[in-house]
Amino acid sequence: MVRGALAAAVTPLRDDGAALDEDAFGPYLDFLAAGGLDGILPLGTTGEGILLSAAERRRAAEIFLEGPLPVIVHAGAQTTAETVALSEHAAASGAAGVAAIGPPYYALDDDAQLAHFAAAARAADPLPFYVYEFKARSGYAVPVRVLERLREEVSNLAGLKVSDRLRPRLGVSGTRRGAGRGRGAPRRPRPLPVPGGGEVRARPPRRTGARRRAGAAAMANGSRETGAGRVARIVVAGAGAIGASVAYHLASLGARDVVIADRQGVAAGATSKAMGGVRQQFSTAAEVRLAQASIRFFEELDAPLFEQVGYLFLATTEDGLAELEERRELQAGLGVPVERVNAAEVEGLYAGDVLGAVNCATDGVADPPAVTRELVRRALKLGVEVREGTPAERLEGDVLVIACGPWSPELAATRGVELPIRPLCRQLIQTTALLDLPEDLPMVLEAETSFHFRRRGDSLVLAMVDPEPRWGFEERVDESLLDDRLARLHHRYPPAREASVDRAWAGLYDMTPDAHPILGEVADGVYAACGFSGHGFMQSPAVGRALAEEILGESPSIDLAPYRLSRFADGAEFPETLIL
Ligand SMILES: Cc1cc2nc3c(=O)[nH]c(=O)nc-3n(C[C@H](O)[C@H](O)[C@H](O)COP(=O)(O)OP(=O)(O)OC[C@H]3O[C@@H](n4cnc5c(N)ncnc54)[C@H](O)[C@@H]3O)c2cc1C
């Protein structure tokens, strides 16, 4: 067990926080060791669990362990499975102990916390296992009663329960040996480290007492702030693709007091389940425009976050071909570079039954959770506060943005607003690995059947509309459909004939009556950004920007009028028919 002076170390990152800076670890660890420390607890960067993948975190642990000091590895992650995997890896790699942060990100009650910590502790056994918390940042503590029960359940709980509130009785003053500020390091008031070596502005003390909402938008925008000390706090509820984009764009437009809260974690909802298709080929002008405005943002992200491989629609009937052609004309008229193509020219594709095909070369496929983490990382750098494991209901704010996917009506109801959104269960299938998949394989979609697939690494991901819609919150894979989907793949893409199902998962669409999102103010100071009906990821850049502009009192860069909640009462619906 490590005793004595222990420093909370950060993880060195390079490329603006995008990758581990492996070369920086050595000098950094030597510097810490020279300060006379007895060990380190690498807490990582701000929000390491958000920013680094599990593989990168295992690699970081390994490099820390190569250094001169004993290491208690931080294994806390967004899911129990990942936390357990990181604990096992730490124990097998020679760590001096394993620590997990509380609360676990997805469940808040005592039993769930206990189960999470107990699983991680057993995975670390026989190493000492530590639990720590960031009460001031995450909003609540790990209850002592949970730790008492944990001590009864596992034999290796080492009994550490720390907080990010500095308490004089702990003697933590910032000047102690090994307290994290090295000799010669600059002293600044309350700098918060962020990936890439930048700093988040320390937040000014908040006003106590009632906040005024009036003019909140203008106040939130730094460029319009009129009175010193006037504060408008914007709470973005939900850290999926939409909430992350809204928060990032708010901050990049100058809003100074933005917090994004998710009751689970970053990209924990539909965003982590999505296919990642990014297309401009919709059947209504409004949706085409949203997608067009988003493509520009995706293009800047580039591979591997976004791969511009195109989106190929195939028609196998005369009717299907006529519809495809009608949509192509609408899309091309709006400036989408969608073209008639010869499907037989796509390597490996069976086109014997195809009557016609269209492709838009600027469409493509993306990695939704990775894009969302990237947006959160950028938002953090701009000073946005990120609160995982925190229901938005717990936070005080002047403006609330509801970006909770299918759970949005629940939060809206607490503000007296009824949102016509219903959860619809959909499933995806991933195949076993395939050799020699072309890197430029487009997303392929059969217009009549809705069967579609894309390449993800060395496997394919398949989807199709279910025979009967499955309404409700249950996220369950219907295994009876798997063989049919695989047979369709074997027919359409013969090189995948050897592939079988590797895994399948289900997620929720947040459906509105017309399959268009609900965007804009729905009550005083309450904005909706939800109801994306299965295509929110690809629209998230444009939606996030436009909504941020509107909240800050600017003119939105895209017309949000078609998406108001009031359209349902006014009867002005415009059904999008191309829902996959
Ligand atoms: C199987 C499947 C395939 C899909 N494929 C595509 C695709 O190819 N292309 C595409 O563009 N879209 C696709 N989508 C849709 C896309 O995933 C969503 O539209 C998009 O990710 C929506 O993001 P979101 O941020 O609105 O919601 P989510 O990602 O669901 O995020 C909502 C978040 O809110 C949190 N939350 C809930 N209640 C609260 C609360 N009270 N306080 C704080 N947080 C709260 C949840 O924990 C969750 O993290 C697909 C969806 C599914 C299910």
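Begin by selecting strand S12 and strand S17 (residues 364–366): the two run antiparallel and are joined by 2 bridges. The model on display is a predicted one. Within this pair, glycine 277 has valine 365 of S17 as its bridge partner.

**The whole chain**

Now display the entire protein. Its secondary structure amounts to 16 helices and 27 strands. Of the 580 residues, 47% are buried. Among contacts with a separation of 6 or more, 78% link residues 24 or more positions apart.

**The ligand shell**

Select the ligand and the 41 residues that surround it; the closest are Gly240, Gly269, Gly405, Gly507 and Gly536. Colouring by element shows which ones give two or more residues to this shell: helix H9 (241–252), strand S11 (258–262), strand S20 (422–431), strand S25 (501–511) and helix H15 (536–551). By residue class, the shell divides into 23 nonpolar, 13 polar and 5 charged residues. Colouring by domain instead, one finds at least three shell residues from each of domain 2 (212–270 + 369–414 + 515–568) and domain 3 (303–366 + 422–511).

Move to residues 518–523, strand S26, and residues 526–530, strand S27, which pair in the antiparallel sense over 5 bridges.

Nonpolar side chains tend to be buried together in soluble globular proteins. Here, the largest nonpolar core has 116 residues, and Ile402 and Ala529 have the most contacts inside it. This core draws at least three residues from each of domain 2 and domain 3. A second, separate core comprises 43 residues, including Leu32, Ala120, Ala124 and Leu127.

Finally, centre the view on alanine 529. Which residues does alanine 529 touch, not counting those up to four places away in sequence? They are Ile242, Val246, Val401, Ile402, Ala403, Leu519, Val543 and Leu547. One of these, Ile402, is also named with Ala529 as having the most contacts inside the largest core.

Conventions. Residues are numbered from 1 along each chain as its sequence is written. This is a predicted model: local features need pLDDT of at least 70, side-chain atom pairs count only at pLDDT 80 or more; totals for chains, interfaces and linings use all residues. A residue is near a molecule or strand if its C-beta atom, placed from the backbone, lies within 6 Å of it. Helices (H or I, at least four residues) and strands (E, at least two) are DSSP runs, numbered from the N terminus. Ala, Val, Leu, Ile, Met, Phe, Trp, Tyr, Cys and Pro count as nonpolar, Asp, Glu, Lys and Arg as charged, and the others, Gly among them, as polar. Domain bounds come from an automatic or database domain assignment. Two strands pair if DSSP finds at least two bridges between them. A nonpolar core is a set of buried Ala, Val, Leu, Ile, Met, Phe, Trp, Tyr and Cys residues joined through C-beta atoms within 7 Å. A residue is buried if 20 or more other C-beta atoms lie within 10 Å of its own, exposed if 12 or fewer, and partly exposed in between; C-beta atoms are placed from the backbone. Two residues are in contact if their C-beta atoms, placed from the backbone, lie within 7 Å.
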